[in-house]
Amino acid sequence: MSDLVAVGTIKEIFKTQQINERFKKRGLLLDNGSERNNLTYVEFTQGQCAILEKYATGDNVAVCFNVNAKEHKGKFYTSLFAYKIAHT
């Protein structure tokens, strides 16, 4: 399967959230410049959270990610888990 990639300008880098003693995550909000559906939110987890220290709001980047869906009590939740980021 090919990498899924989101390309855009960093709108916001969120603080790392320590979910429990074994899991942490950090969000990144991208603006792809489109008139509609222009925002993409991805999450980096565990050791990948520190990667975002090299980036700032306004940077143009490409983010590789996987799509993950989970079912909980009959509802479905989708997340985009990022694993690589690079300046463009």
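**Pocket, core and aromatic pair**

Analyst: The lining of the largest pocket consists of F23, K25, E43, N68, A69, K70, Y77, S79 and F81. The model is predicted. The volume of this pocket is about 190 Å³.

User: What makes a residue count as a lining residue of the pocket?

Analyst: A lining residue has an atom within 4 Å of a pocket point. F23 and Y77 are among the residues that line the largest pocket.

User: Why is the pair of F14 and Y41 called edge-to-face?

Analyst: The structure holds one aromatic pair. The ring centres of F14 and Y41 lie 5.7 Å apart and their planes meet at 70 degrees, so the pair is edge-to-face. The cut-offs behind this are centres within 6.5 Å and, for edge-to-face, planes over 60 degrees apart.

User: Where in the chain do the two partners lie?

Analyst: F14 is in the loop between β1 (4–13) and β2 (17–20), and Y41 is in strand β4 (residues 39–45). They are 27 residues apart, and the pair links distant parts of the chain.

User: Why are F14 and Y41 counted as partly exposed?

Analyst: The class lies between the limits of under 20% for buried and over 50% for exposed. F14 has a relative accessibility of 27%, and therefore counts as partly exposed. Y41, at 38%, is likewise partly exposed.

User: How do you know whether T40 is buried or exposed?

Analyst: T40, in strand β4, has a relative accessible area of 19%. Buried means under 20%, so T40 is buried. Leaving aside neighbours within four places in sequence, T40 contacts A6, L28, L29, L30 and L80.

User: What makes up the largest nonpolar core, and which residues have the most contacts inside it?

Analyst: This core has 13 residues, and those with the most contacts inside it are L28, L30, V42, F44, V61, V63 and I85. Two or more residues come from each of β1, β3 (23–31), β4, β5 (60–72) and β6 (75–87). The largest share, three residues, is from β5.

User: What does F44 touch, not counting residues up to four places away in sequence?

Analyst: F44 touches K24, K25, R26, L28, C49, L52, V63, A82, Y83, K84 and I85 on that count.

Key
Residues are numbered from 1 along each chain as its sequence is written. This is a predicted model: local features need pLDDT of at least 70, side-chain atom pairs count only at pLDDT 80 or more; totals for chains, interfaces and linings use all residues. Side-chain values use heavy atoms; hydrogens and water are left out. Rings of Phe, Tyr and Trp (its six-membered ring) pair if their centres lie within 6.5 Å; planes under 30 degrees apart count as stacked, over 60 as edge-to-face and the rest as tilted. Helices (H or I, at least four residues) and strands (E, at least two) are DSSP runs, numbered from the N terminus. Buried means under 20% relative accessible area, exposed over 50%, partly exposed in between (1.4 Å probe, protein chains only). A nonpolar core is a set of buried Ala, Val, Leu, Ile, Met, Phe, Trp, Tyr and Cys residues joined through side-chain atoms within 4.5 Å. Contact means heavy atoms within 4.5 Å. On a 1 Å grid over the protein atoms alone, a cavity is a set of points where a 1.4 Å probe fits but cannot get out, and a pocket is an open set with protein on both sides within 12 Å along at least five of seven lines; lining residues have an atom within 4 Å of a point. Grid points are joined across faces, edges and corners, and a volume is the space filled by probe spheres set on the points.
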